[in-house]
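Please work through the following exercises with the sequence and the model at hand. Each task is followed by a solution in steps.

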Amino acid sequence: MNEKMKQARLEKNLSQTELAKIIGVSRQTINMIEKGDYNPTIGLCRNICKVLGCTLNDLFWEDK
């Protein structure tokens with residue numbers, strides 16, 4: 001589950017649908033990433049980070 005991405009999205013007041021439209025993917029894709037059911041490409045990760053104003057480390061790398 002990607003709670004960090006969901007939290008960053010909510011802090012920007014974006015719905016899954018709005019984020020998906022900005023990035024050019026389906027709402028289902030955003031939902032699956034947040035649920036941990038889909039492993040996005042690095043390009044998609046970078047696009048999400050750009051829109052949400054976060055780094056790859058912020059959203060996608062595991063805290064060790």
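Predicted model: local features only at pLDDT ≥ 70, side-chain atom pairs only at ≥ 80, totals over all residues.

**Exercise 1. Determine how H1 and H3 are oriented to each other, and which residues meet.**

Step 1. Two packed helices are described by the angle between their axes and the distance between the axes.
Step 2. H1 and helix H3 (residues 27-35) pack at an angle of about 130°, and their axes are 7 Å apart.
Step 3. Angles of 65 to 115 degrees count as roughly perpendicular and those over 145 as roughly antiparallel. H1 and H3 are therefore oblique to each other.
Step 4. On the H1 side, Met5, Lys6 and Arg9 take part, and they meet Ile30, Ile33 and Glu34 of H3.
Step 5. Sorted by class, this contact of H1 with H3 has three nonpolar, three charged and no polar residues.

**Exercise 2. Describe the packing of H2 and H4: state the angle, the handedness of the crossing and the residues in contact.**

Step 1. The angle between H2 and helix H4 (residues 42-52) is about 115°, with the axes 10 Å apart.
Step 2. The crossing of H2 and H4 is right-handed.
Step 3. H2 contributes Leu19, Ile22 and Ile23 to the contact, while H4 contributes Leu44, Asn47, Ile48, Val51 and Leu52.
Step 4. By class, the contact of H2 with H4 has seven nonpolar residues, one polar residue and no charged residues.

**Exercise 3. Locate asparagine 13 and decide whether asparagine 13 is buried or exposed.**

Step 1. Asparagine 13 belongs to the loop between helix H1 (3-11) and helix H2 (16-23).
Step 2. Most residues other than glycine have a negative phi. Asparagine 13, although not a glycine, has a positive phi of about 55°.
Step 3. The relative accessible area of asparagine 13 is 67%. Exposed means over 50%, so asparagine 13 is exposed.

**Exercise 4. Locate glycine 36 and classify its accessibility.**

Step 1. Glycine 36 is found in the loop between H3 and H4.
Step 2. With a relative accessible area of 48%, glycine 36 is partly exposed.
Step 3. The C-alpha atoms of glycine 36 and glutamate 62 are separated by 13 Å, and the two residues are 26 residues apart along the chain.

Notes. Residues numbered from 1 in each chain as written. Heavy atoms only, no water. Helix = DSSP H or I, 4+ residues; strand = E, 2+ residues; numbered from the N terminus. Buried < 20%, exposed > 50% of the residue type's maximum accessible area, 1.4 Å probe, protein only. Axes fitted to C-alpha atoms, helices over the stretch in contact; angles between N-to-C directions. Parallel < 35°, antiparallel > 145°, perpendicular 65-115°, else oblique. Contact = heavy atoms within 4.5 Å. Nonpolar A, V, L, I, M, F, W, Y, C, P; charged D, E, K, R; others polar. Left-handed = near helix turned anticlockwise from the far one by under 90°.
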